[in-house]
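This is a short walk through the structure shown below.

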Amino acid sequence: MVENLTSNELAVLEYFFLNPEDSIHIRGLSDEIGVSYPSVRSALEKLENRNILEKDELSKMTLYSAGGEEFRKLKRFWNLQRLEDSGLIEFIDEELRPEAVVLIGSFLDGRDSRESDIDLV
């Protein structure tokens with residue numbers, strides 16, 4: 001799934017993973033992530049065609065936002081990778097030696113926002 005995405009598509013997705021409540025215009029997204037307008041437009045169209053992002057056409061403006069289940073599947077994978085990369089799991093394992101660590105809540109479901117916490121039990 002992720003291996004079929006271009007670097008521009010990944011940059012667009014990362015923006016929405018970090019800002020899942022945002023609706024943003026192509027130009028604004030281009031400015032935010034530092035990728036050219038044509039490249040962002042192409043990435044957005046491909047991600048929308050794959051049902052990962054949603055497009056809303058308002059009078060003279062097109063806005064893109066996080067999509068449904070396909071977006072959440074990718075976000076769950078991205079969240080887990082970020083958790084692994086953070087070193088937190090390794091730290092918990094080495095310092096606390098638990099029998100198990102269970103991730104629950106919005107972070108696991110891919111429904112987290114910038115303000116969400118990570119629930120581990």
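Angles between axes are sorted into classes: under 35 degrees counts as roughly parallel, over 145 as roughly antiparallel, 65 to 115 as roughly perpendicular, and the rest as oblique. The model described here is predicted.

Two packed helices are described by the angle between their axes and the distance between the axes. Helix α1 covers residues 7-18 and helix α2 residues 26-33. Where they pack, the angle is about 95 degrees and the axes are 10 Å apart. Because 65 to 115 degrees counts as roughly perpendicular, α1 and α2 are roughly perpendicular to each other. On the α1 side the contact is made by Ala 11, Val 12, Tyr 15 and Phe 16, and on the α2 side by Leu 29, Glu 32 and Ile 33. Sorted by class, this contact has six nonpolar residues, one charged residue and no polar ones.

Next comes the sheet. Strands of a sheet pair through backbone hydrogen bonds, either parallel or antiparallel. Here three strands form an open sheet in the order β1-β3-β2, and the pairing is antiparallel. β1 (23-25) and β2 (53-58) are the edge strands, each pairing on one side only. On average, neighbouring strands of this sheet are turned by 35 degrees against each other, direction ignored.

Strand β3 spans residues 61-66 and is joined to β2 by six bridges, the two running antiparallel. Glu 54 stands opposite Ser 65 in β3.

Technical notes:
Residues are numbered from 1 along each chain as its sequence is written. This is a predicted model: local features need pLDDT of at least 70, side-chain atom pairs count only at pLDDT 80 or more; totals for chains, interfaces and linings use all residues. Side-chain values use heavy atoms; hydrogens and water are left out. Axes are lines fitted to C-alpha atoms, for helices over the stretch in contact, and angles run from 0 to 180 degrees between N-to-C directions. Helices (H or I, at least four residues) and strands (E, at least two) are DSSP runs, numbered from the N terminus. Contact means heavy atoms within 4.5 Å. Ala, Val, Leu, Ile, Met, Phe, Trp, Tyr, Cys and Pro count as nonpolar, Asp, Glu, Lys and Arg as charged, and the others, Gly among them, as polar. Two strands pair if DSSP finds at least two bridges between them.
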